[in-house]
Amino acid sequence: MASSTTTLPLCTNKTLSSSFTNTSFVAKPSQLFLHGRSSQSFKVSCNANNSGEHEKNLEGLDRRNVLLGLGGLYGAANLAPLATASPIPPPDLNSCGPATITDGPPVPYFCCPPKPHDMENIPYYKLNTMTKRRIRSPAHAADEEYIAKYELATSRMRDLDTNTTDPDPRGFKQQANVHCAYCNGAYKVGGKELQVHFSWLFFPFHRWYLYFYERILGSLIDDPTFALPYWNWDHPKGMRLPPMFDDECSSLYDARRNPSHRNGAIMDLGYSGDEVQTTQLQLMTNNLTLMYRQMITNAPCPLLFFGKPYPLGTNPSPGMGTIENIPHNAIHAWTGTKRCSDLGNGVKSYGEDLGNFYSAALDPVFYCHHANVDRMWYEWKKLGGKRGDLMDEDWLNSEFFFYDECSNPWRVKVRDCLDHTKMGYDYAPMDKPWHNFKPMKQTTTGKVNTSSLPPANKVFPLAKLDKVISFSISRKIEKNEQEELLTFCLKFDNSKNLRFDVFLNADKTVNAVELDKIEFAGSFTNLPHVHGNTDRKPATFQLAINELLEDNGLEDEDTIAVTLVPKKGGRYISIDSAKIDREDCN
Ligand code: C2O
């Protein structure tokens with residue numbers, strides 16, 4: 001890789017500027033399985049809490065404005081009807097408090113980033129369009145020269161951690177703390193805990209986070225073209241821990257990983273704590289099937305891809321998008337130490353490092369993993385149909401807080417990160433074998449006899465999903481542009497690793513180890529996370545089934561068979577109801 005001698009832009013004082021990017025939301029047509037939409041968002045929700053969640057928290061808004069000195073910027077917005085103006089504001093660093101290990105005790109150290117000197121006047125970040133393009137390439141194919149640069153930058157970043165009395169916000173640990181504070185309850189906004197996972201904030205938060213992290217690395221080696229590598233887990237060649245992170249002498253190494261997932265072990269993109277007993281080939285086949293289902297089949301509409309709305313005043317974690325669920329969460333769990341194992345000195349593992357949000361960013365592979373998550377956002381938008389960024393102002397105007405490579409603090413908006421090329425980086429092209437991995441194998445002969453199955457309303461509510469169940473469910477035969485969704489109203493213990501798989505037109509004899517078949521609809525998983533109390537939380541799990549109905553020849557059937565296969569922690573999952581609805585795509 002050519003090394004650049006270009007000097008970095010000098011670190012200067014920031015100027016107050018608001019940066020609005022002109023972004024096109026127009027999705028391209030596509031040859032893929034696509035549907036039209038008319039308007040509005042999904043209305044199906046079983047989360048009783050959600051109904052009251054959209055009440056806006058005036059107190060929270062005002063307090064933030066006072067703290068951040070934003071009366072001028074935000075004061076007017078507060079007078080406007082709140083229903084359209086309640087994005088999540090940047091967190092208040094002055095009130096950053098102790099964090100809790102997901103599913104565990106308090107984080108044993110203070111994970112708040114250093115406070116900026118002038119908290120009142122943190123300016124908006126302005127993207128510099130003149131910067132040299134940084135090209136992110138697949139990690140498994142990196143050459144020696146690149147690895148050496150990346151290692152050097154990372155070890156310099158680690159060196160910045162030595163001053164503990166006046167911590168450098170660019171230090172490796174401080175960077176990891178940014179993630180800890182945003183994800184483990186250190187911040188409150190609008191009177192509630194701030195959480196950047198399990199909602200529509202997931203993609204934009206991590207895009208901005210990596211943006212600054214990458215620039216800090218580049219500045220530490222005087223190379224503004226330095227780009228993070230991406231963990232190409234959506235390609236068979238990348239379905240293992242990238243070798244550069246597996247070298248014990250490297251600054252990219254982290255000892256707190258699952259030792260049985262090193263040395264070229266093939267990943268399970270749907271991992272939920274147990275090893276799948278199958279061949280490597282079947283594992284890779286399952287992975288590509290999962291990628292196809294999460295990117296294409298189950299994400300025809302923006303909210304299905306990005307996750308559920310999370311405006312100010314909402315309870316945290318309203319619901320994940322498809323990719324956040326699988327493979328993102330599964331890869332965190334697959335890489336980190338096995339939960340409940342011994343970390344040494346009798347300390348019990350909560351999945352450290354990558355398998356728990358408080359510690360995840362202490363593993364350098366975190367940023368490589370997220371570079372590929374970020375790449376999926378870009379790839380998904382290219383698939384066409386209704387696939388495009390959300391247009392909801394509450395999403396576009398949500399804000400975060402970061403430090404840059406000069407240790408300057410900045411506020412950033414979601415709307416400014418929609419086009420990654422305007423942020424000065426791009427992805428090296430790579431083929432996407434999942435793209436054409438539409439399952440074709442039919443394992444059921446004809447239509448399953450639904451009259452021998454109990455109907456959904458006799459099966460649910462179900463207290464625990466501790467064994468395979470099959471039921472019949474009715475639907476309306478209609479031909480229109482809407483998405484047909486199979487919706488489950490669940491309650492589950494969110495402190496546990498969980499997974500179940502859903503099959504259409506299959507009965508209890510279904511072989512659930514092989515996912516590459518037209519009957520496989522998708523999977524529900526949970527990566528342990530707890531907010532406040534450990535009561536079972538209600539959640540909505542939705543699968544877009546138009547494509548499956550067509551592939552299985554069920555479009556003209558008013559009753560179909562559904563089979564649920566618990567794969568992890570089924571006794572911690574209860575299902576209140578299952579139904580099939582049609583919804584507009586948004
Ligand atoms: Cu912020 Cu992959 O987690």
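The following legends describe close-up views of a predicted model.

**Figure 1. Overview of the predicted chain.** The model shown here is predicted. Its secondary structure consists of 14 helices and 13 strands. The chain has 586 residues, of which 61% count as buried. When contacts between residues at least 6 apart in sequence are taken together, 80% of them join residues at least 24 apart. The views that follow present selected helices, loops and single residues of this chain.

**Figure 2. Helix α5 and its surroundings.** Helix α5 comprises residues 172-183. From the first C-alpha to the last, the twelve residues of α5 reach 17 Å, close to the 16 Å expected at 1.5 Å a residue. The helix is mostly covered, with eleven of its twelve residues buried. Those buried residues are F172, Q174, Q175, A176, N177, V178, H179, C180, A181, Y182 and C183. Among the elements that cover them are the helices α4 (144-159), α6, α10 and α11, together with the strand β4 (399-403). G185 follows α5 and has a positive phi, near 85°.

**Figure 3. Packing of helix α5 against helix α6.** The axes of α5 and α6 are 11 Å apart, and the two helices pack at an angle of about 170°. An angle over 145 degrees counts as roughly antiparallel, and α5 and α6 are therefore roughly antiparallel to each other. On the α5 side, the contact is made by F172, Q175, A176, V178, H179 and Y182. On the α6 side, the contributing residues are F205, H206, Y209, Y213 and I216. Sorted by class, the contact has eight nonpolar residues, three polar residues and no charged ones. In an α-helix there are 3.6 residues a turn, so residues three or four places apart point the same way.

Figure 4. Helix α11 covers residues 365-382. At 1.5 Å a residue, its 18 residues should span 26 Å, and the end C-alpha atoms are 26 Å apart, which agrees. The helix is mostly covered, since 16 of its 18 residues are buried. Helix α11 is also among the elements that cover the buried residues of α5. Just after α11 comes G384, which takes a positive phi of about 85°.

**Figure 5. The loop between β3 and α6, with F198 and S199.** This loop runs between β3 (192-193) and α6 (202-220), and S199 lies in it. F198 lies in the loop between β3 and α6 as well. Although F198 is not a glycine, it has a positive phi of about 60°. The relative accessible area of F198 is 2%. Buried means under 20% relative accessible area, so F198 is buried. S199 has a relative accessibility of 0% and likewise counts as buried. Leaving aside residues up to four places away in sequence, S199 touches F306, G307, K308, Y310, P318, G319, M320 and E324.

Figure 6. S359 is located in helix α10, which holds residues 357-360. S359 is buried, with a relative accessible area of 0%. A polar atom of its side chain lies 2.9 Å from the backbone oxygen of D353. Apart from residues up to four places away in sequence, S359 touches R256, E352 and D353. The peptide bond that leads from E352 to D353 is cis, with omega near -10°. D353 is found in the loop between α9 (322-335) and α10.

**Figure 7. C340 in the loop between α9 and α10.** The loop between α9 and α10 contains C340. This residue is not a glycine, yet C340 has a positive phi of about 75°. A residue is exposed when its relative accessible area is over 50%, so C340, at 57% relative accessibility, counts as exposed.

**Figure 8. The cis peptide bond at P461.** The peptide bond from F460 to P461 is cis, and its omega is near 0°. P461 is placed in the loop between α13 (456-459) and β7 (469-474).

Terms used. Residues are numbered from 1 along each chain as its sequence is written. This is a predicted model: local features need pLDDT of at least 70, side-chain atom pairs count only at pLDDT 80 or more; totals for chains, interfaces and linings use all residues. Side-chain values use heavy atoms; hydrogens and water are left out. Helices (H or I, at least four residues) and strands (E, at least two) are DSSP runs, numbered from the N terminus. Buried means under 20% relative accessible area, exposed over 50%, partly exposed in between (1.4 Å probe, protein chains only). A polar contact is a pair of N or O atoms within 3.5 Å; within protein, one must be able to donate a hydrogen and the other to accept it, and residues adjacent in sequence count only if both atoms are side-chain atoms. Contact means heavy atoms within 4.5 Å. Axes are lines fitted to C-alpha atoms, for helices over the stretch in contact, and angles run from 0 to 180 degrees between N-to-C directions. Angles under 35 degrees count as roughly parallel, over 145 as roughly antiparallel, 65 to 115 as roughly perpendicular and the rest as oblique. Ala, Val, Leu, Ile, Met, Phe, Trp, Tyr, Cys and Pro count as nonpolar, Asp, Glu, Lys and Arg as charged, and the others, Gly among them, as polar. The expected span of a helix is 1.5 Å times one less than its number of residues.
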